[in-house]
Amino acid sequence: DRREVYVLSDMRENAWKGVASSELGSVISGEVSKANNAQEASKADAGTVNASTGGGLLSGERQPKVLVQIIDVGVPDKEIRNWSLDKLKLSSESVVPNGSVTIQADLKALQGDAKEQIMVELSAEPVEKKVSTNNDGDWQLPEPKLIDRQVVQAIDQGTASVQFQWKDLAEGTNHAVLKLARPDPLEIDNTFYITIEAVDQGKSLVICDDSNDGKLVSLILDPGTELREEKPGEARSGVDVEPRSRIGQIELPKYSSIVLFNPSELTADEADRLSAWVNNGGGLVIILGPAAVGPGAVGGAGLPNAPPVPVGSTLLERSAQGGLASLLPGKVRGITQIPLDGDLVVIRPKAEGHPIWNIFERPASEIPWVNYPVRQHWNLEGLDPASSVIANFTQSELPMLVETIRGSGRIIVMTVPYPEPGATAAQGAWSELFTTSSDAWPGFAFFLGTVRYLATQSKHPVNYSVGSTAILENNPKEFPRMYELRQPSGELVRVEADEEGLSYPFTQQSGHYRLRGSRARGPLVRGFSVNVAREEVSLKSIERESLAKAFGEGNLWIAKTKEEVQSSIGEGRYGRDLGPFLWVILAMMVMAEQTMSSRFYASQQRGRS
């Protein structure tokens, strides 16, 4: 009957999310909101009663007031000491075997005036081909090995950045831990759990009408493709080359990536077939080259006095709405030609954190692109919102490489041909990216990194936040249907995949989640990682004014010490004891009355005499 609620809180803003819109003040004071009245009335019509309100609020009657006592158990802001890892960023969650990943994070420090050096470590587990068990049959985890460590000095603002390069990832599921070398009072934000999948590039398809060009592209993607013999039961790899006329007969789902090299045009049916394959998770590279120029549209390419290209003179600009143009992220507006005596135009990386650049293992801006000038390029304008520019050209700022997300897949368009089709390099090349000299490696790596990126991208991530539903692809032809899942706590559960994939919603613990299953060619080990979202452990204090407004006038009682708790509880229950104040006021009134009466009677007596 006393209707008292005691809340122990660290008084952090995160713990009081939504309090401003909770109508808490009306609940504490016993008032009933109009919304509650309307809701309860509708429930009453349906013959239901809300237990939380006791079913007696339909008439708007007031309930007894509730005493809500907040006991502040938090640490004052000036006394907080906490070091944390924040804003984890992975250059990619999937790479080819022996590939590398760049791991970035922020180190935040709340340490008062003392600036300490903190050591951050990256450790990785050896990839398991099969699950090891101990003598009791329990799952035996591999021992992590230190990859790298860095000593970081927090700057004045309390934040510093760390970056690690995780190289030579073995094929399979790779688990790593990024953590502070020593614990602090709040350990939950000291660690990031990381999972990276190293998957085979799979089989690629090159669609090209010129067989020599197609063979050249296939050798760049896989030099040993003609020597490799496929064995039954093994994952298919290598490169196939087909002309554009066979798009309707090709079994596209067996390919992980497709290179549409130097196309002149596509029919609506051919474009629709490629688009449907991309929507289902495929990765398509479109290399725009001279084949789409058309007869008589360009003359003297790369020469000092090259004539301008009339608008609407190329095949791309005249193509049907449902053809090749439907796969592009914008509109083609002719070709820009750069005279030999004009300003130098080169490639400029724009999205430097994109996984395409991982193949260089150094910042993309450090590549000597100035040594490989561009002489002409397609003009791609009016990009749609689902696209992003990975690289552009200097001077014009027009895109050189554009990525578009289509359904579960991606399309990347290159507006300069690589490699150079036919013998155009001897007659005025589009660029100097493709040459036979030994120092022409940037163009080779750039092209190979683009195709590898598309070939290894997964529909779903393998790194999640606590509370999220983890989803893994599970092709029934390649993966088992049943798995044993080991949670970070060590508990084992059985999970079953369906046709859409493997879904697991019970991610309430941070750490590595490990899966093991059996298939025809042997055991399979997979997994994913779960981390605590850093905004959930924010140490920012809530403002007392915000709480006072939400609780309502006279309803907020906050106590820090035992004496304050007892005092505020008594005051909240019975109100403030005004007895001592009333006795003082009464005494003052008596004294005032005596003074006034003495003066009044004294003046009357003098008047009579």
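Let's start with Arg246. It sits in the loop between β14 (238–242) and β15 (257–261). One caution before going on: this is a predicted model. Is Arg246 buried, exposed or partly exposed? Its relative accessible area is 35%, so Arg246 counts as partly exposed. Now look at Glu270. Arg246 and Glu270 are 24 residues apart along the chain. Their C-alpha atoms are separated by 9.2 Å.

Next, two other arginines, each with a ring. Arg182 lies over the face of Trp83. The distance from the ring centre is 5.6 Å. Then take Arg534. Which ring does Arg534 lie over? That ring belongs to Phe192, and Arg534 is 4.0 Å from the ring centre.

On to the aromatic pairs. How many does the structure hold? There are 14 aromatic pairs. Take Tyr504 and Phe506. Why is this pair called edge-to-face? The ring centres are 5.6 Å apart and the planes stand at 80°. Planes over 60 degrees apart count as edge-to-face, so Tyr504 and Phe506 get that label. Tyr504 has 6% relative accessibility, so Tyr504 counts as buried. Phe506 has a relative accessible area of 56%, so Phe506 counts as exposed.

Now a second pair, Tyr513 and Phe528. This aromatic pair is stacked. Centre to centre, the rings are 5.0 Å apart, with 5° between the planes. Where do the two residues sit? Tyr513 is in strand β28, residues 511–519. Phe528 is in strand β29, residues 522–531. Are Tyr513 and Phe528 buried or exposed? Both Tyr513 and Phe528 are buried.

Aromatic residues also group beyond pairs. Which residues form one aromatic cluster? Find Trp357, Phe360, Trp369, Trp441 and Phe446 on the model; together they make up that cluster.

Last stop, the surface. Trp583, Leu586 and Val590 form a nonpolar patch there. Together they have about 350 Å² of accessible area. Pick out Leu586 from that patch. Leu586 is placed in helix α9, which covers residues 579–608. How exposed is Leu586? Its relative accessible area is 43%, so Leu586 counts as partly exposed.

How values were computed:
Residues are numbered from 1 along each chain as its sequence is written. This is a predicted model: local features need pLDDT of at least 70, side-chain atom pairs count only at pLDDT 80 or more; totals for chains, interfaces and linings use all residues. Side-chain values use heavy atoms; hydrogens and water are left out. Rings of Phe, Tyr and Trp (its six-membered ring) pair if their centres lie within 6.5 Å; planes under 30 degrees apart count as stacked, over 60 as edge-to-face and the rest as tilted. Buried means under 20% relative accessible area, exposed over 50%, partly exposed in between (1.4 Å probe, protein chains only). Helices (H or I, at least four residues) and strands (E, at least two) are DSSP runs, numbered from the N terminus. A charge sits over a ring if NZ of Lys or CZ of Arg is within 6 Å of the ring centre and within 35 degrees of the ring normal. Patches are made of residues with over 30% relative accessible area and no salt bridge: like charges are joined within 9 Å, nonpolar side chains (Val, Leu, Ile, Met, Phe, Trp, Tyr) within 5 Å. Accessible areas come from the Shrake-Rupley method with a 1.4 Å probe; for residues, only the protein chains shown count as cover. A salt bridge is a side-chain nitrogen of Lys or Arg within 4 Å of a carboxyl oxygen of Asp or Glu.
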